[in-house]
Amino acid sequence: MSQLLKEIRHNRLLWLLAFVPVVLVAQKVKPEAHTLLFVLSVLAIVPLAALLSHATESVAAKTGDATGGLFNATLGNLTELVTALTALRAGQYMLVKASIAAAISVKLK
């Protein structure tokens with residue numbers, strides 16, 4: 001835990017972790033404020049994606065390139081998966097299709 005706090009102090013991007021509880025409270029207080037919730041959610045997920053990337057790099061450093069590559073390929077798409085599942089639950093099928101198409105086109109480049 002102390003290493004995580006040290007990392008947060010030195011990486012300003014991780015300061016956005018403060019938005020994780022903020023978005024949870026905002027969802028309870030103002031569930032109809034969709035734009036606000038979207039912006040807060042984006043601000044909250046950015047540092048979580050950075051932490052996930054850092055974690056997969058740490059695993060790769062300890063286990064080797066093959067295992068690290070597998071973790072990176074699997075968990076690197078976790079934010080896309082969470083977004084797609086949330087959009088599916090909300091009935092936003094076009095958003096899911098666009099997200100998958102964008103992810104595929106980025107990976108082909």
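Visitor: Why is Val82 called partly exposed?

Guide: Val82 has a relative accessible area of 42%. Buried means under 20%, exposed means over 50%, and partly exposed is what lies in between, with a 1.4 Å probe and protein chains only. Therefore Val82, at 42%, is partly exposed.

Visitor: What should I know about the model itself?

Guide: This is a predicted model, in which local features need pLDDT of at least 70, side-chain atom pairs count only at pLDDT 80 or more, and totals for chains, interfaces and linings use all residues. Residues are numbered from 1 along each chain as its sequence is written, and side-chain values use heavy atoms, with hydrogens and water left out.

Visitor: Where is Val82 found?

Guide: Val82 is part of helix 5. Helices (H or I, at least four residues) and strands (E, at least two) are DSSP runs, numbered from the N terminus. The protein has six helices and zero strands, and its elements run α-α-α-α-α-α from the N terminus on.

Visitor: What makes the nonpolar surface patch?

Guide: Leu78, Leu81, Val82, Leu85, Leu88 and Tyr93 make a patch of about 540 Å². Like charges are joined within 9 Å, and nonpolar side chains (Val, Leu, Ile, Met, Phe, Trp, Tyr) within 5 Å. Areas come from the Shrake-Rupley method with a 1.4 Å probe; for residues, only the protein chains shown count as cover. Helix 5, residues 78-89, gives the largest share of this patch, five residues.

Visitor: Why is Glu80 called partly exposed?

Guide: Glu80, also in helix 5, has a relative accessible area of 31%, so Glu80 is partly exposed.

Visitor: Is Asn72 buried, exposed or partly exposed, and why?

Guide: Asn72 belongs to helix 4. With a relative accessible area of 43%, Asn72 is therefore partly exposed.

Visitor: What makes Phe38 count as exposed?

Guide: Phe38 reaches 56% relative accessibility, so Phe38 counts as exposed. Phe38 sits in helix 3, which covers residues 34-63. The C-alpha atoms of Phe38 and Arg9 are separated by 26 Å.

Visitor: How many of the residues count as buried, as a percentage?

Guide: Of the 109 residues, 14% count as buried. The accessible surface comes to about 8300 Å², and 69% of that surface belongs to carbon and sulfur atoms.

Visitor: What box do the C-alpha atoms fill?

Guide: Along the principal axes, the C-alpha atoms fill a box of roughly 45 × 35 × 20 Å. Contact means heavy atoms within 4.5 Å. Among contacts between residues at least 6 apart in sequence, 47% join residues at least 24 apart.

Key
Patch = residues over 30% accessible without salt bridge, like charges linked within 9 Å, V, L, I, M, F, W, Y side chains within 5 Å. Salt bridge = Lys/Arg side-chain N within 4 Å of Asp/Glu carboxyl O.
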